[in-house]
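The following note sets out some points on the interface between the two chains. Please read the points alongside the model.

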Amino acid sequence: MFSFIAYKKLLDKCVLAVFFTAGFITIFITVGIVYVLLSDAIRFFQEVPIERFLTEKEWTPVFATKKFGIWPLITGTFLIAAIAVLVSVPLGLVIAIYLSEYASVRVKEIAKPIIEFLEAVPTVVYGYFTLLFVTPILQKIVPGLEAFNSLAPGIVLGFMILPYTASMAEDAMKGVPQRIREASYALGATRLRTAITIVLPAAISGVVAGFILGASRAIGETMVVAIAAGMYPNLTLDPREPIQTMTGYIVQVALGDLPYGSIEYLSIFAVGFALFIIAFIFNSIALWLRSRIREAY
Amino acid sequence: MGRKTISSKPDIIFPIIGFIAFLLVVSFMITLIVDIAIDGYERLIDPSFYTSYPSRFPEKAGILSGWVGTTLVMAGAIFWSLLIGIPAGIYLEEYATKRGIRGKIETIIELNINNLAAVPAIIYGLLALGIFVYRFKLGESILTAGLTLSILMLPVIVVNTREAIRRIPRDIREGAYAVGATKWDTIRDHILPYSLGGILTGLIIAASRAIGETAPLVTIGALTFIAFLPPSPFTSEFPFFSLEKAWDVLMSPFTVLPIQIFNWVSRPQAAFQINAAAAGFVLLVLTVIMNALAYYLRQRVRRKYIW
């Protein structure tokens, strides 16, 4: 009898050890990412000084005269993300206010899964749609729009990140206690006035966190831009021209033959490292903002 | 003097604007689905599209190696992500002490999982290329691809496992302890069965994201032209299964549906783009089914256990 209890206790300890190990392994993923990106990025910077990486204005690693200025890739990335945010934030905010303050439960029950499905659509399908449907239509409206451009992918990404800009914003607004709304109504404010001057400010950190996560998603998105934005590192802010993003460059190089340790191989890790840092900063800001909601109420 | 109602003009106009904005989203999605269905129709109704290998001739090209590859890679991804994800989720909910060194490690694990969920997918591709392909020498194989996608799925599975477990009231655990069950007994006989529906929902959602994932697999070097299937691990003689051949399956080069689509869409010939649309529609239907299933499951779990 005693040994049975001892056995049970031992088993419990073993299970705890196994479960703890599983949790601990997840840390190794991040450690692995940082290690791989950093070690290969450092080898890259041994061959290409970091000043060149940050000051040159051209990105031509596969040309005979190699230039390694990251800026064309960064401006390309942020140009597309900015277009996506410009499309997504107004649209998302209107939908969020509508769903949280006006819509009936039935509309909400249908609307939320539909909006959240936008993120589940395979991005390669979005890429196809952008290149062969959205761009040709936009070309009829926007003069001088090239077959590869940043406008069309930016707009499609704007819809793709609606689960963050609309759905997460709605969640944040829903979290504002009802009594605050009632107080506003009691003073004679309309629903819209209450939504904009009372509910939105109260939920602002959650709403903005959603926007930032959406932007971060647009920055890290790969296939839509790789298919529809072109493969041309271009230091421009003109949304009609072909560009290349950081993710697009990684895909372009990875598609080719990639000898281990070559400068092209190392360069995707340097670019990846820069991307990881940018994404990390965005996510940290969003997480910090979201932790503030919980403190408020 | 007219009576001014609380529900004044802006309150009539804004819901209309809001609803139109929502309709815009719906029509965007319908346009997307209809567009690729029409573009791909010609190939979608051709049975040989599903049973042919890729080809130089667009009208002969099919998605056989694509869907076989997707099935094998996803099987691996689901296996690895459950193997780590469920225990990690259980640990954080059931065993977390929040004290001492272990408490600090728990905080790090939690923060880390939140952060992993938002890391761009292509970064996981670089991780896999650097670690699995070049340092562990697993090659550009089905095994590598499964491991890569499992890392992508992991945060979703951990978060959903935790949410499912958190819904189970404390009474259940106290009741089990009161009759002498150990922690593991309680987890095995109560916590896991009650949270299974929620965990399964998380798994399906994670899998539906992973199945359409292209970028990380491009990075680890998925091939676009595969005109053969991995060897079958089953043999005609006893014991009807060969471990050696199973290993060959894991190590064989692969392609998946999204990679096939990406390859076809990047070609200039319009005929290949028809193939891309058809394969894209197949992939889209798969994700719709998976998401609908997850939605249904979630509703059912909510109704089944009302504590």
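1. A polar atom of the A:Asn283 side chain lies 3.3 Å from the backbone oxygen of B:Ala118. A polar contact is a pair of N or O atoms within 3.5 Å; within protein, one must be able to donate a hydrogen and the other to accept it, and residues adjacent in sequence count only if both atoms are side-chain atoms. The model is predicted: local features need pLDDT of at least 70, side-chain atom pairs count only at pLDDT 80 or more, and totals for chains, interfaces and linings use all residues. Side-chain values use heavy atoms, without hydrogens and water.

2. A:Asn283 belongs to helix α13 (residues 263-296) of chain A, helices being DSSP runs of H or I with at least four residues. The residue is buried, at 3% relative accessible area (buried means under 20%, with a 1.4 Å probe, protein chains only). Beyond neighbours within four places in sequence, A:Asn283 is in contact with residues including A:Leu213, B:Asn115 and B:Val119, contact meaning heavy atoms within 4.5 Å.

3. Across the interface of chain A and chain B there are 12 residue pairs in polar contact, both residues at pLDDT 80 or more. Helix α1 (residues 2-47) of chain A gives the largest share of the side of chain A that touches chain B, namely 22 residues.

4. The rule finds 3 salt bridges across this interface (a side-chain nitrogen of Lys or Arg within 4 Å of a carboxyl oxygen of Asp or Glu). The side chains of A:Lys8 and B:Asp185 meet in a salt bridge at 2.7 Å, N to O.

Terms used
Residues numbered from 1 in each chain as written. Chains lettered and ligands numbered in written order. Helix = DSSP H or I, 4+ residues; strand = E, 2+ residues; numbered from the N terminus. Buried < 20%, exposed > 50% of the residue type's maximum accessible area, 1.4 Å probe, protein only.
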